[in-house]
Amino acid sequence: MFDCKMIINKLLLDENKMRISVSISCPFDIDVTSPKAKLIFECDGKTRRLPFLVTNYFRQKQSETCIVVCSYTYFLDSLFYKFESSEDIKAHVEFYYGDNEVYRVPFNVSTNVINENPHLEIEEKYIEYECFDGVAVFTNEDAEFESGRKKEKHSYNIDFNCDSSEIIIKKTEDAHNGRSLVDKSIVLVPAVRLVMFIIRILLAVILLPYFVIDGMLAALGVVPKRKTKQIDGLFKNIFVQIKINASSFIKTSFKRAKFVENIRKPIFAVCAMRYKALSRKKIIPNRVTFMSGRRDELGGNPLFVYNLLKDRDDIDFRFLLFSDPSGHNKLRNIVKFLRLYATSRVVIVDDYFRLLNIVDKREGVKLFQLWHACGAFKTFGFTRLGKKGGPKQIDPNHRMYDYAIVSSQEIAKHYAEGFGLSDENVVATGIPRTDIFMDDTYAAGVRDGFFSRYPQLKGKKIMLFAPTFRGNGQMSAFYPTEAFNPQEVYDSLGGEYAIIIKLHPFCKQRYDIPEEYRDYIIDLSDDDELNDLLFVTDLLVTDYSSVVFEASLLNIPMLFYAFDLYDYISSRDFYYDFEGFVPGRIVFSQHELTQSIANNDFQQDKVEGFKNKFFDDLDGKSSQRVASLILENLGLE
């Protein structure tokens, strides 16, 4: 049995803000590099999983145990999306250490917490007098949530049910009775802010000659100089004085974030008014709308579902599809989105669709997320709270989905966390596009088509190199192509493997392959569906890509070329401890990669268990289950 204990070292409440820090002790395992904790909130049938950030992790050599310190700040008013209840909120900690999972960590309460919350009555056996709190220090991790945050709706106080390992969060009277005019105004306040912002810009332009003249006079000593270090040269001195004189005003006027925010808010306010007007009309009961900002044509999971439903005369299909990253800002897309989102019974998306954030979904519209990835590998969404590129705790992103489909019940909790959903909104139907892996006819057709285009590859072993991107998203995505030299790998293996390169769609750079290698090293980053390429793959070389889940369905040997693993863990991290999770050997250099291939050292025995863990159903009927769920919501099942 895994022995795991927790001490609540600090717990502070400030109206709706809860700061909490704990230390968890457990047996030390040298192979575990990334322990994880979650704080699970429950209220009136709703759940919310949020990461509990690990702020310190170290070994106690004498006792062969380790201490994991977790600290974070949670905004209690923002836990549940568009959900209010007078019931108490109950919270408990889940802890993951390698293969060990503790779903409700037992705890004691430190005397620090009791002193800070004198109303608490704790049984003596649950009080910790000699607690470890040397690193339970709060930083300003909540600062990212302050900008634009609404006033608190409630105040709270804390109690404990130590027998059940639960923190009890009780609502008290409303912190603010009613809403102010500023909170109530949908259009007026953003419009006034935009007008004042424009006036400020105009003033900056009008006052610029004054800044220049005043700066020149200051440099010449006619008026007092602004405080600077000694500057040699009259013209340089004049330039610096002008810059100092104008900088604070100009910076605040032209700062990009402020500029975007002041323009965006009035536009969103107008959109909200338009959507509210459209929502007065009845929903068209048989309308199904597919939306995507990933592609111009229907593809992936939505296409598989559509193909099962398209011949029905009793469904009204509509589409809003674009691949341009700026498509979310185009007026024609916004207008079409508002109309379809207000009138469709079912709306289906396959990725983060930014337009969903500008309005609150009306009652009666059912929103399906047919997420493009399988399994749960690298963290995404709200699991990345507190990390660079992660969302804010109050962001609406993803939280409005009625259904998010996943491949297995094992990973449902991770998607609930990433999307900020209650557990019942995540459904393990299976992933529609994986149905092809159980279709022998489809597989044969793909192979025949591939080898008719590349006949020189018949009889060759094929290595598929398919890494994921680095960066924070589509706009900054890249892969360090210098880390993998396909010509050197091909030569090192004596030409035994042809190499197909498939970089992530977000990556814009491409390999420049010399003419003499182009028959057997082929970059298909701009062509072919990744899943189709798996049908001709003898070896998959990847790093942190979710393609491993699809590859496991075909029992393909895999190597994980993770040269930047520990940097990646610190910036992005995974839902599971990477080194014990992946279904293949991990290599850290190109030389180690080629040696493993030459020795057929893939640790392929891990694949079968991996597949069974992440797929509940291997019957090729995932598309049908999703289609049935859609029909059920249309009242047509």
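**Figure 1. Burial across the predicted model.** Of the 637 residues in the protein, 52% are buried. The model is predicted, not experimental. The accessible surface comes to about 30,200 Å². Carbon and sulfur atoms hold 52% of that surface.

Figure 2. The protein has 17 helices and 24 strands.

**Figure 3. The largest cavity.** The protein holds four cavities of 30 Å³ or more. The largest has a volume of about 100 Å³. Its lining consists of 13 residues. Closest to the centre of this cavity are Leu76, Phe80, Phe83, Tyr156 and Lys171. By class, the lining has seven nonpolar residues, four charged and two polar. Lys171 is one of the charged residues, by the rule that Asp, Glu, Lys and Arg count as charged.

**Figure 4. The second largest cavity.** This cavity has a volume of about 60 Å³. Ser34 and Lys36 belong to its lining, as do Tyr96, Gly98 and Glu101. Tyr575, Tyr576 and Asp577 complete the lining. Three of the lining residues are nonpolar, three are charged and two are polar.

Notes:
Residues numbered from 1 in each chain as written. Predicted model: local features only at pLDDT ≥ 70, side-chain atom pairs only at ≥ 80, totals over all residues. Heavy atoms only, no water. Helix = DSSP H or I, 4+ residues; strand = E, 2+ residues; numbered from the N terminus. Buried < 20%, exposed > 50% of the residue type's maximum accessible area, 1.4 Å probe, protein only. Areas by Shrake-Rupley, 256 points an atom, 1.4 Å probe, with all protein chains shown as cover. 1 Å grid on protein atoms, 1.4 Å probe; cavity = no way out; pocket = protein on both sides within 12 Å on 5 of 7 lines; lining within 4 Å. Points joined across faces, edges and corners; volume = space filled by probe spheres on them.
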